[in-house]
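Biologist: Could you walk me through this structure, please? I would like to begin with the aromatic rings and then move on to other topics.

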Amino acid sequence: MSEIQAQSVAESLVADVCVDYDALLPQRAWDELERALAALRDAPHDRNGQRDYYGAYREFADYSHRHGSEALAALRHWRADRPDSEFPALLEAAYWTSWFERYRSTSTVDQVTAAMWAAARTAQDALLCTVVRMLERGGNGWPALASTIYTVAALGEPDWWTRWLLAGERPASLPAHGASDEIDELLAPSGAVEAVREYAQALPAQLPAVLTGEALAWRRAQDEDGPAPQQYWLRAAFALDPSALEAAVVYVCLRMPRWGGSWEEMLAFADSPLCDRFDEEERNVLRFFAWFDELEVDDSAWLEDPRVLRHHLRLGQQLLERPLPENLRGRVHKYLAYLEALNGRIDAACGHYAHSAPHNHYEEWALVRAVSTWCASAERGPWLGKIAEVNRLVSAHGAALYGLLSLNGWAGVQRRPEVADAWFERAVAATPDPSSVPSSPFNALSDLADLYGSAALRPMWLKAAELGDASAQFRCGALFADEDNDMARAIEYYRLAADNRHEVAMYNVASLSLIPVRDGEVAGAQAEAVARDALGYLDRALARTEQLFAQDTTEFNQEQLERAKDLYGTVLFSDWAPLSARQRALPQVLAFARQGRFNSMVSLGWWYGDKDLAAFDFEEAVYWIEAARHLEPDSEYVHKLRAYVEVDTFFGRMKFASAQSKAKRRGFPGQDDAGL
């Protein structure tokens, strides 16, 4: 594989014939958008390619996911400025598809809330209205009908639509799908409620002919309980474009067993008269999804069984023997690379990646797997550079990876540092939520830092931090703290990440800010202000970490929660902390101790046992000493604390024993038998 040219974003857009919505829509460059979309619409279908008319439609759905209602507003400006254009209506369907997918989510049915279902039905109403208005204008918007197939498979058709289609009862208005604050909150960002109200008033008196012609005649002869409603929409798409293979792919994928169909049904569909329009290779595209569904494992835990792993490796090799287009063959290689990596055969995995790289778009998680495998390999071949090149305009992760490889000249990509920053900018712009560490495209490249050292990734992290990526901001904070010993810069970047909802950064701002107070570098009013600010970040760290722990009880979240709670205790019992800060920490430490937390009990013992404080309370100190001792009788910390509080005289020991008795009668947190 020859050296991969490192191109700028602008050069890549020209080379890949991409519709750059991010650049063109804000500029209202309607002429450029029209030309690009018309060229894709009129181009021959390329079964091996991935940048086609349907691809451009789906890319706008992704754009809508990132930009929300701004995308819909841009389309309305476009329609007002170009009233004869068919494209705003087509992309409006992509907009509602994006919201439908967000509301329905990829969760299993039992995890979709009633409010999410209601919002998804509202988005489906908006999509159907948009499709009707689009077809009334005579546009060839078959990609929008492919989206409709999916919504019908997921929800069925709404009653108002079936009455209009099958009985000719045009709706005067569209019903709401429930009323609650949660539904309102979900629908507000999309503008769906207002849009559906507006669309309902503008529906035509009659449905467009493409929806009432041969497709409807076929449907009337079918059983409505089966997949007929979905196939009706496919037949309508074929009426617009007889070679709309992508629409057939959407349909056949929705007949997988998980959707109530079967592999046998999928294969029979590919052989049916409806698919006579396709040649044998195109029919193999449809068959592929039944073959591949047998290969792919839903629960990765099954692959921990070596017998299951070997079986699926054999299935994959058998599938490669079938006649397939290169992009689908590459998809098999991509999955086999994953299986071989699990099997510990890194070189074999790399061989599969090399076959897949020129042909496939990679999901975010698949790209992370590829990076991890490449870093673990001995040869570190150019296939990773090819993956980056193919995916650079497709996803945030692809853009970030391509930028980093161009910055350093890794994985067969030409070293051209001057183009890297624009790719990092594109990656951040393509990230739906830059504050989310798990979805950060820069966090996904951490294995490369482990391999080459953090210095090689520093320019990327600095640029991404400047652009607002929380993961990169945190990384920069760690760089300045751990490698440069520049605590001022470290806190600066940690503060950026903290203000971007990064819970560990919130904790780090709190703990690092308190160091100058502890070391006496600041005092008086300045120390009070620093401590007040630090505890503000600690409060935020606690609240955010508790929120995350409620969602995901991982060991990491548990440890971070404990660190935050311990820092409150440190502030409470440390004599270097300003009194106001210690008093502010007290309610939190009390709450933790009452929940049965050992470290917090010890901190309270030191606080109440300090005779130099106005808060000194001997009996309260003994109570928390005994509560801690009840949890950990042999703790060295408790022994030291008791030695500090108990006066080593006869009367001192008698006084302590009396307080012990009172403490036991009072009962300890979490100890039902404490008073026995």
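Predicted model: local features only at pLDDT ≥ 70, side-chain atom pairs only at ≥ 80, totals over all residues.

Biologist: How are the rings of F288 and F289 arranged?

Modeller: F288 and F289 form an edge-to-face aromatic pair, with 5.3 Å from centre to centre and 85° between the planes.

Biologist: What about F424 and F442, and why is that pair called edge-to-face?

Modeller: The ring centres of F424 and F442 are 6.1 Å apart and their planes meet at 70°, so the pair counts as edge-to-face, for which the angle has to be over 60 degrees.

Biologist: Where in the chain do those two sit?

Modeller: F424 belongs to helix α24, residues 420-429, whereas F442 is in the loop between α24 and α25 (446-452), and the pair links distant parts of the chain, 18 residues apart. Both F424 and F442 are buried.

Biologist: How many aromatic pairs are there in the whole structure?

Modeller: A search of the whole structure finds 35 aromatic pairs. Ring pairs also link residues into a cluster, made up of Y95, W96, W99, Y103 and Y199.

Biologist: Which arginines lie over the face of a ring?

Modeller: R392 lies over the face of Y402, at 5.0 Å from the ring centre, and R666 lies over the face of Y623, at 3.6 Å from the ring centre.

Biologist: Changing topic, where is S395?

Modeller: S395 is found in the loop between α22 (383-391) and α23 (396-408). With a relative accessible area of 16%, S395 is buried.

Biologist: What lies 3.0 Å from a polar atom of its side chain?

Modeller: That is the backbone nitrogen of G398, which lies 3.0 Å from a polar atom of the S395 side chain.

Biologist: Now helices: how do α3 and α5 pack?

Modeller: Helix α3, residues 30-42, and helix α5, residues 69-81, pack at an angle of about 95°, and their axes are 11 Å apart. The two helices are therefore roughly perpendicular to each other, a description that covers angles of 65 to 115 degrees.

Biologist: Which residues make the contact?

Modeller: On the α3 side the contact is made by W30, L33, E34 and L37, and on the α5 side by A74, H77, W78 and D81.

Key: Residues numbered from 1 in each chain as written. Heavy atoms only, no water. Phe/Tyr/Trp six-rings, centres within 6.5 Å; stacked < 30°, edge-to-face > 60°. Helix = DSSP H or I, 4+ residues; strand = E, 2+ residues; numbered from the N terminus. Buried < 20%, exposed > 50% of the residue type's maximum accessible area, 1.4 Å probe, protein only. Lys NZ or Arg CZ within 6 Å of the ring centre and 35° of its normal. Polar contact = N/O pair within 3.5 Å; in protein donor to acceptor, adjacent residues only side chain to side chain. Axes fitted to C-alpha atoms, helices over the stretch in contact; angles between N-to-C directions. Parallel < 35°, antiparallel > 145°, perpendicular 65-115°, else oblique. Contact = heavy atoms within 4.5 Å.
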